[in-house]
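The entries follow in the order in which I made them.

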Amino acid sequence: MSAECFVTGGTGFIGQHLLAHLSTKGHTVRVLMRHPERIAALREQIDSLRGVAGRVFAVEGDLEKHNLGLCLADRGTLKNAKAVFHLGAHFAWGLSPEHARAVNVEGARRVALLAAEQKSRLVMVGGYMLRNHEHLQRIGIETRQPELTQWPAVYRRVGAYEASKLEAHFATLDVMSTHGGQVTIVHPATVCGHSRTGHILDGQPLVALIRNLAQGKLTAVPGSARHWLPLVTVDYLIELMSACAFDPSMAGRELLALDDRSPNLRDLLAQVGQALGFRSPRHHISLGLLRLLLHIPPVARFLNSSAEALDFIQTTRFDTLETEQFADRHGIAKPDIRQSLERTAIFVNTHCLGKDRTR
Ligand SMILES: NC(=O)c1ccc[n+]([C@@H]2O[C@H](COP(=O)([O-])OP(=O)(O)OC[C@H]3O[C@@H](n4cnc5c(N)ncnc54)[C@H](OP(=O)(O)O)[C@@H]3O)[C@@H](O)[C@H]2O)c1
């Protein structure tokens with residue numbers, strides 16, 4: 001089967017892999033781009049990820065603009081899209097609430113409206129924190145009646161990136177139910193590089209962690225021996241997303257993309273350290289103390305991190321049975337997460353830390 005697809009965030013890390021995957025499956029993919037003149041570079045990248053670049057086309061637009069800034073002709077072409085994949089977001093710590101809402105919340109609403117109006121299946125990328133119900137309750141999200149949530153307080157509590165992703169989730173569900181659209185939401189854990197090549201882009205949270213370890217800035221493991229940073233490889237994630245989009249039984253459903261065999265944080269750092277020949281920390285520092293330290297700007301700058309990042313390190317375990325069953329049904333194999341992590345560390349060392357050394 002070959003279908004027309006529309007992807008936002010296609011120039012990003014997960015997006016590039018999704019474009020490569022969809023195009024090899026024979027789909028025609030149109031990508032929302034703020035800078036459509038960069039399509040040649042994107043196609044090169046898709047080729048290098050073993051996709052079929054000739055099936056990928058740019059559509060000029062911006063999540064922050066009314067109607068996504070689409071021209072009438074592009075709006076017409078997109079009507080043929082069987083699936084709309086929404087990955088576009090401003091992913092960074094320290095965003096202002098206004099900006100995070102404009103891109104991540106209003107952008108999601110616009111994409112949802114487009115998908116609902118033209119009756120395309122929407123596949124929305126959320127985040128695994130949306131499956132941590134205790135956390136949601138703790139930070140004041142009213143999951144049963146989201147309209148009662150005091151969003152400004154949530155933005156203050158967890159930072160603008162995470163808060164805007166949470167708000168975008170409920171805003172999307174609201175648009176889809178008001179307009180009778182079909183949506184599937186996929187919630188990824190922190191994304192690890194490709195299981196075969198280790199490919200990952202600089203700027204990803206896992207790259208920041210590996211860089212800190214390499215630069216000797218991680219002298220203690222954040223949290224306790226029970227704390228972990230749940231991971232998922234980018235290839236497993238995009239296979240799940242792509243299968244969701246064309247599976248009628250997944251309309252109105254959510255799927256957690258998380259590998260429950262991800263090591264705890266101490267083992268994760270030890271494994272990366274061993275693969276790259278760096279020392280990894282043995283002692284722990286409590287998250288409470290680290291959070292306090294990260295509120296001191298020079299410390300946050302030195303550690304190249306933010307207190308906002310700490311919520312993603314947790315002790316909660318997740319039930320992934322539904323995902324395993326879905327993957328089995330679609331013949332999607334889950335890669336070995338430890339081997340993928342090692343390949344990612346080697347890729348980061350060569351391509352990201354290598355660049356740091358030549359600067
Ligand atoms: N990576 C993770 O560990 C992880 C985990 C859970 C959930 N997620 C979610 O997965 C999605 C993709 O993440 P990623 O890691 O691939 O992100 P990424 O590499 O930072 O890419 C972000 C994408 O969003 C686009 N974008 C940003 N602002 C835009 C705007 N105003 N209009 C149009 N496009 C805009 C960027 O386009 P430009 O090229 O123009 O900047 C880029 O294509 C996000 O929704 C993120 O929240 C990621």
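Is tryptophan 93 buried, partly exposed or exposed? I found tryptophan 93 partly exposed, with a relative accessible area of 30%. The terms I used are buried for under 20% relative accessible area, exposed for over 50%, and partly exposed in between, with a 1.4 Å probe and protein chains only.

Before going on I noted that this is a predicted model, in which local features need pLDDT of at least 70 and side-chain atom pairs count only at pLDDT 80 or more, while totals for chains, interfaces and linings use all residues. Residues are numbered from 1 along each chain as its sequence is written, and side-chain values use heavy atoms, with hydrogens and water left out.

Entry: aromatic pairs. I took rings of Phe, Tyr and Trp (its six-membered ring) as paired if their centres lie within 6.5 Å; planes under 30 degrees apart are stacked, over 60 edge-to-face and the rest tilted. I counted seven aromatic pairs by this rule. Tryptophan 93 and tyrosine 161 are edge-to-face, because their ring centres are 5.9 Å apart and their planes stand at 75°. Tryptophan 93 is in the loop between strand E4 (83-86) and helix H4 (97-117), and tyrosine 161 is in helix H7 (residues 160-179), so this pair ties together parts 68 residues apart in sequence. Helices (H or I, at least four residues) and strands (E, at least two) are DSSP runs, numbered from the N terminus. Tyrosine 161 is buried, at 10% relative accessibility.

I then looked up phenylalanine 312, which forms a tilted pair with tryptophan 93, at 5.8 Å centre to centre and 40° between the planes. Phenylalanine 312 lies in the loop between helix H12 (297-303) and helix H13 (321-329), so its pair with tryptophan 93 joins parts 219 residues apart in sequence. At 13% relative accessibility, phenylalanine 312 is buried. Ring pairs link Trp93, Tyr161 and Phe312 with Phe91, Tyr128 and Phe318 in a cluster.

Entry: charges over rings. I required NZ of Lys or CZ of Arg within 6 Å of the ring centre and within 35 degrees of the ring normal. The charged end of lysine 217 sits over the ring of phenylalanine 302, 5.0 Å from its centre. The charged end of arginine 317 sits over the ring of tryptophan 228, 3.7 Å from its centre.
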